[in-house]
Amino acid sequence: MSALSFDHVTFTYAGAGAPVLLDACLEVPEGAFVLLVGATGSGKSTLLRLAKPEISPVGELSGAVRAFGEDVRGLDAVSSARAVGYVFQSPDAQMVCDTVWHEMAFGLENLGVSEAEMRRRVAETATFLGMGPWFRDRVAELSGGRRQILALASVLAMRPRALLLDEPTSMLDPVAEQAFLALLFRANRELGMTVVVATHTPAPMLDYATCAFALEDGRVRTAALDELRSCGDAPLPPRSSAGERDASPVLSLDDVWFCYDRAADWVLRGCDLTMRSGEVRALLGANGCGKSTLLRMAAGVLRPRRGRARSACARDQALLPQDPRTVLACETVCDELMEWSAPSGRYGVAEVDAALARLGLAACPDRHPYDLSGGQQQLLALEKLLLVRPRLLLLDEPTKGLDRAAREVVAARVRAAADAGATVLLATHDAAFVAAVADTASLVFDGEVALTEPAADFLAGSWLYSNSRNGSPSESASSSSSSMSS
């Protein structure tokens, strides 16, 4: 019996002019570890979501989707949870509780699992994934790596027979990525769980995979694993040398200390950072090292417990968080791009039409932003910010969930913003993107900026990032999982 079966599936989103899936056929063998690849917006997330009725997209569907022989449209909540589990691209998209243990129990509570059985499943899952040391921590204080493990744990606790994951490692540092994949491999081989991973970076997963499929033009074809070894290997076009810039500081953090709670550990410890006008600075470091906190400090969203944070662009800046949906608040793609036109006075209909063309969404401006793929949402949110031409642009993992072509678009847009005078501070694990856009790079470690160098020198001298290819970790990173506890 197949774990999942997609039988001549065609799907069209409401408001879309053409189907995203067109007569797609796919059989996933039970117990397999499957890779699903395809360009940004090709329909990978749509295909996976159609197997989970609770999160199935709204639109017109023909054909049949079956899980272990049962049409998924006929599954109730309990049957669906037992058959298929789903881990979102952004772990925050499925977090609803304050603490780790409660998040793991939440789904079981909704399914009416008895308290004794609930305790067993939570305890066994936490033990299996090595979560004991942080089992009672607050979700908001977890690093990105731990939030991703928690998202996986919350689904595993419901003991589904098949596990679907959408770009699960896109926000992990190279070491954390390998540790997470090792856990996923254990779930597949030791628990007998069927695993399907939608990804733009298949190379780190090839040793675990049993088969692969590619989505092209709405259809599914079988892909040879060897075919995916060079997927995305070509480097992004490098940035040309920056010309002379104003030497005056635009952003400065001086001896900044910060913790989210007075009883919690320090996230930033005596952190210093200075940026000049027009500079593009990349922040690199392990999950949980303080990169996102530093960005929020630069934006003025957070205030130091000690020290000073000053920005000359406090009234003319834009922040792209890790979850692009926090920027998206309108009913259509076109409305999103037009939302700040009148208040800013910096762009109009012509600029929005050009942006729609760049995004490849000119044919469906009335589509709801939440019906876009995760990668398309990322591009839309960035474009929305860039239209107002901010003087200070703050980006948190701007290339996560994007294929090479889309990452090249982001690189070109960031370079263009910098060439027009914007100062850019970005946090990323994508070494190829750093090489393509950054003037300088800083290593964040133990709550401070440990090192700042020209980007080329930083990458050449880095053990973790010098061998990374378009976000794929170096082989040397695979031997350690220490950053998962960062």
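Colleague: In which loop does Asp446 lie?
Modeller: This is a predicted model, in which local features need pLDDT of at least 70, side-chain atom pairs count only at pLDDT 80 or more, and totals for chains, interfaces and linings use all residues. Residues are numbered from 1 along each chain as its sequence is written, and side-chain values use heavy atoms, with hydrogens and water left out. Strands are DSSP runs (E, at least two residues), numbered from the N terminus, and helices are runs of H or I of at least four. Asp446 is found in the loop between β18 (440-445) and β19 (448-454).

Colleague: What is the phi of Asp446 near?
Modeller: Asp446 is partly exposed, with a relative accessible area of 45%; buried means under 20%, exposed over 50%, and partly exposed in between (1.4 Å probe, protein chains only). Its phi is positive, in a residue other than glycine, and near 55°.

Colleague: Is Glu167 buried or exposed?
Modeller: Glu167 is placed in the loop between β7 (162-166) and α6 (174-190). Its phi is also a positive value in a residue other than glycine, near 45°. With a relative accessibility of 5%, Glu167 counts as buried.

Colleague: How are α10 and α11 oriented to each other?
Modeller: Helix α10 (residues 349-359) packs with helix α11 (residues 374-387) at an angle of about 155°, their axes being 11 Å apart. Axes are lines fitted to C-alpha atoms over the stretch in contact, and angles run from 0 to 180 degrees between N-to-C directions. Angles under 35 degrees count as roughly parallel, over 145 as roughly antiparallel, 65 to 115 as roughly perpendicular and the rest as oblique. The orientation of α10 and α11 is therefore roughly antiparallel.
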